[in-house]
Amino acid sequence: MGAAIVRRLAREGADIAFTYAASDQAAEDVVHELDAAGTRVLAIRADSRDPAAICRAVEQAVRELGRLDILVNSAGVFYAGPIEDVTLEEIDDTLAIHTRAVFVASQAALVHMGSGGRIISIGSCFAQRVPYGGVTLYAMSKSALIGFTKGLAREVGGRGITVNIVDPGSTDTDMNPADGPTVEAELELMAIKRYARPEEIAAAVGYLAASESRFITGVSLAIDGGFTA
């Protein structure tokens, strides 16, 4: 999903700095692809669990690209299972990536953002509807992003900066492939009986990053095939 968002924003004319945690080859492939298309692109290895690494990545992006107009928070992790089995390590890891990293990255980015800036986070349809058990931790962490988005939208709206969240439903990614073991159960909950493509989530991010969306802030945009209908 992150790679699809990078490609979409690059196609819209943005210079790109993106972070990655471990996949050096995948990051290098994206850099080569965008570089060949004429995009200025910077790949920064930074783990979202590490606040200092997040801040360094923001500063490096500004230093090497010259400015920062759009921040997309898209890192994610998924632990599932009965609440009795959830460990403290899983709680800490989920909250570090889904909530603390978003807060820290936004703090760091806002130092450099002017009017027209955009902060966009990737949430989840589980923030709005949880039709079965085993995803309590994940749903809690993604729900927190809604409060963050609304609060920050109020805080920085006067500066001409918008803050929004995209809530995807089942999307064909490494985390939740369209040929995985839970596909049939997930499709039963949706009005449109297929998984989203990462490019469809990226299109929503592209819209929220564009000038046409400058009057939209503090909202959650569901791209979920009717999961929350």
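This is a predicted model: local features need pLDDT of at least 70, side-chain atom pairs count only at pLDDT 80 or more; totals for chains, interfaces and linings use all residues.
Leu65 counts as buried, at 16% relative accessibility; buried means under 20% relative accessible area, exposed over 50%, and partly exposed in between (1.4 Å probe, protein chains only). The place of Leu65 is in helix H3, residues 51-65. Helices (H or I, at least four residues) and strands (E, at least two) are DSSP runs, numbered from the N terminus. Not counting residues up to four places away in sequence, Leu65 touches Asp15, Ile16, Ala17 and Arg40, where contact means heavy atoms within 4.5 Å.

Residues are numbered from 1 along each chain as its sequence is written, and side-chain values use heavy atoms, with hydrogens and water left out.

The sheet comes next. It is open and has 4 strands in the order S3-S4-S5-S6, with parallel pairing; two strands pair if DSSP finds at least two bridges between them. Strand S3 (70-73) and strand S6 (220-223) are the edge strands, each pairing on one side only. On average, neighbouring strands of this sheet are turned by 20 degrees against each other, direction ignored. Axes here are lines fitted to C-alpha atoms, for helices over the stretch in contact, and angles run from 0 to 180 degrees between N-to-C directions. Strand S4 (residues 118-122) pairs with strand S5 (residues 162-168) in the parallel sense over 5 bridges. Within S5, Val163 is the bridge partner of Ile119. Helix H5 (residues 136-156) packs on the sheet and touches S4, S5 and S6, with a direction that makes about 160 degrees with that of S5.

An α-helix has 3.6 residues a turn, so residues three or four places apart point the same way. Gly13 follows H1 and has a positive phi, near 105 degrees.

Charged side chains form another group of contacts. Side chains of opposite charge can pair when their charged atoms come close. A salt bridge is a side-chain nitrogen of Lys or Arg within 4 Å of a carboxyl oxygen of Asp or Glu, and by this rule the count comes to 10 salt bridges. In one of them, Asp69 is joined to Arg67, with the closest N and O atoms 2.9 Å apart. Asp69 is partly exposed, with a relative accessible area of 34%, whereas Arg67 is exposed, at 58%.

A network of salt bridges links Arg194, Arg197, Glu199 and Glu200. Within this group, Glu200 meets Arg194 at 2.7 Å, N to O, and Glu200 also meets Arg197 at 3.9 Å, N to O. Glu200 is partly exposed, with a relative accessible area of 24%. Arg194 is partly exposed at 41%, and Arg197 counts as partly exposed at 45%.

Aromatic rings are the last topic. A pair of aromatic rings is described by the distance of the centres and the angle of the planes. Rings of Phe, Tyr and Trp (its six-membered ring) pair if their centres lie within 6.5 Å; planes under 30 degrees apart count as stacked, over 60 as edge-to-face and the rest as tilted. The whole structure holds 5 aromatic pairs. Phe103 and Phe148 form a tilted pair, 5.6 Å centre to centre, with 55 degrees between the planes. This pair links distant parts of the chain, 45 residues apart: Phe103 is in helix H4 (residues 88-110) and Phe148 in helix H5. Phe103 is partly exposed, with a relative accessible area of 44%, while Phe148 counts as buried at 16%.

Phe126 and Phe227 form an edge-to-face pair, 5.8 Å centre to centre, with 85 degrees between the planes. Here too distant parts of the chain are linked: Phe126 lies in the loop between S4 and H5, and Phe227 in the segment after S6, 101 residues apart. Both Phe126 and Phe227 are buried. Ring pairs join Phe78, Phe126, Tyr132, Tyr138 and Phe227 into a cluster. The charged end of Arg129 sits over the ring of Phe227, 5.1 Å from its centre; a charge sits over a ring if NZ of Lys or CZ of Arg is within 6 Å of the ring centre and within 35 degrees of the ring normal.
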